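Please open the model in the viewer and display it as a cartoon.

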Amino acid sequence: MNKEKLWTKEFIIVSTINFLATLVFFLLLVTIASYAKSEFEASTSTAGLVSSIFIIGSLLGRLGAGRFIGIKGPTKMLWIGLTFFTITSVFYFLANSIPLLLVNRLAQGIAVGIIGTATGTIVAHILPRARKGEGIGYFSLSAILATAIGPFIGIILLKMENGFTIMFTMNLILSIICMVFLAAVKLKLEPIKLPEKTEDKSSILSQFIEPKALPISFIALIIGFSYSGVMTFLSFYAESINLVSAASYFFLVYAIVIIFSRPFTGKLMDTKGANIIVYPCIILFAIGMLLFSQASAGWMLLLAATFIGFGYGNFNSVAQTIAVKVTEPHRFGLATATYFILFDMELGIGPYILGFIVPETGYRPIFLAMVVVIIICIPLYYLLHGRKDKELMKTA
């Protein structure tokens with residue numbers, strides 16, 4: 001019975017650390033551009049760089065963490081990430097110019113990339129194999145909650161007189177809390193390595209990413225590309241179709257749907273495999289995007305949020321679980337890093353590419369085109385993973 005226990009002290013604390021780090025990530029993502037403009041009179045493009053350079057840092061952090069977790073172990077890497085995170089939190093008070101702010105944003109992005117990869121790897125190791133889908137589903141809820149709460153807190157603080165000072169103070173306090181939490185739990189996870197002869201034969205690329213996790217991560221990249229436009233352009237789109245009031249509840253509905261559905265989808269994956277979740281999720285996401293692209297009333301927009309929550313929201317946790325399940329335990333760190341590297345790429349590249357197209361086409365045609373992109377992922381998933389899922393279930 002103990003081997004099947006899910007809600008251990010270690011699992012709860014690691015999930016909480018992931019939640020707090022992700023909360024800071026999204027809190028600053030939606031506010032730091034305003035800080036750059038108000039405090040340093042930065043141009044719009046420079047302010048945008050101050051915000052997005054964090055994602056570049058996160059990519060670099062994940063790329064390095066995936067490799068060094070196999071050398072140092074995930075617990076030591078988490079300590080390194082949290083220490084770096086705390087130091088960069090202090091430097092927000094000292095960054096008195098745009099160049100210094102850019103450097104600090106890049107550095108904190110690296111720290112968050114390390115933290116996210118380390119926490120994901122630790123959870124993959126400590127969860128019982130028979131309940132990995134359920135456990136990773138719960139774990140990823142920590143990030144989902146952070147994506148809803150972080151921007152909400154950030155917008156409130158933006159309206160306060162000393163909002164940025166409070167924000168940076170909160171950033172520092174949360175980073176210290178994370179270190180206290182980690183010190184309160186003993187995680188005995190040493191690096192698991194292959195014999196030297198086997199490692200010598202591995203390519204340079206495979207020392208930083210996990211090839212077996214690339215197929216499902218690539219599908220997640222395409223699916224995420226379709227969603228990135230919703231995340232970035234929702235406020236502008238809502239304004240253009242006069243649904244600003246309903247749009248303010250979009251991500252709240254999205255988060256609530258995921259919170260209530262993900263525990264069930266995780267359990268179903270553990271017992272029936274990934275296909276029974278992934279195919280319906282892609283179809284539901286496509287329906288949600290279609291509704292989103294044609295929304296003419298508030299209820300349509302919120303119904304779209306419901307379908308997108310069921311579809312895209314649950315696909316993410318299943319895809320992350322697949323990335324781990326197709327990988328040997330000694331490469332869990334690289335598998336986690338590989339998945340989140342492509343996840344971060346979707347957040348950074350998607351809005352950038354779509355931003356060039358929107359002025360030429362408008363919002364509705366863009367979101368309608370994303371329906372086609374999502375549907376294409378059905379045969380793509382089958383070719384890259386779906387047809388092999390039954391074999392994976394037999395070896396699980």
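**Helix α15 and its partner**

Select α15 first: its 22 residues reach 31 Å from first C-alpha to last, close to the 32 Å expected at 1.5 Å a residue (the expected span being 1.5 Å times one less than the number of residues; helices are DSSP runs of H or I with at least four residues, numbered from the N terminus). The model is predicted: local features need pLDDT of at least 70, side-chain atom pairs count only at pLDDT 80 or more, and totals for chains, interfaces and linings use all residues. Residues are numbered from 1 along each chain as its sequence is written, and side-chain values use heavy atoms, without hydrogens and water.

Centre on I378, where α15 bends by about 30° (the angle between axes fitted to the seven residues ending there and the seven starting there). A proline, P379, follows within four residues. Among the buried residues of α15 are F367, M370, I374 and Y381 (buried: under 20% relative accessible area, 1.4 Å probe, protein chains only).

Show side chains at the contact (heavy atoms within 4.5 Å), including I282, F285 and M289 of α12 and F367, V371 and I374 of α15.

**Two enclosed helices**

Move to α5 (residues 98–126), whose end C-alpha atoms are 42 Å apart. Of its 29 residues, 22 are buried, so α5 is largely enclosed by the rest of the structure. Finish at α1 (residues 9–29), likewise largely enclosed because 17 of its 21 residues are buried.

Terms used
Buried means under 20% relative accessible area, exposed over 50%, partly exposed in between (1.4 Å probe, protein chains only).
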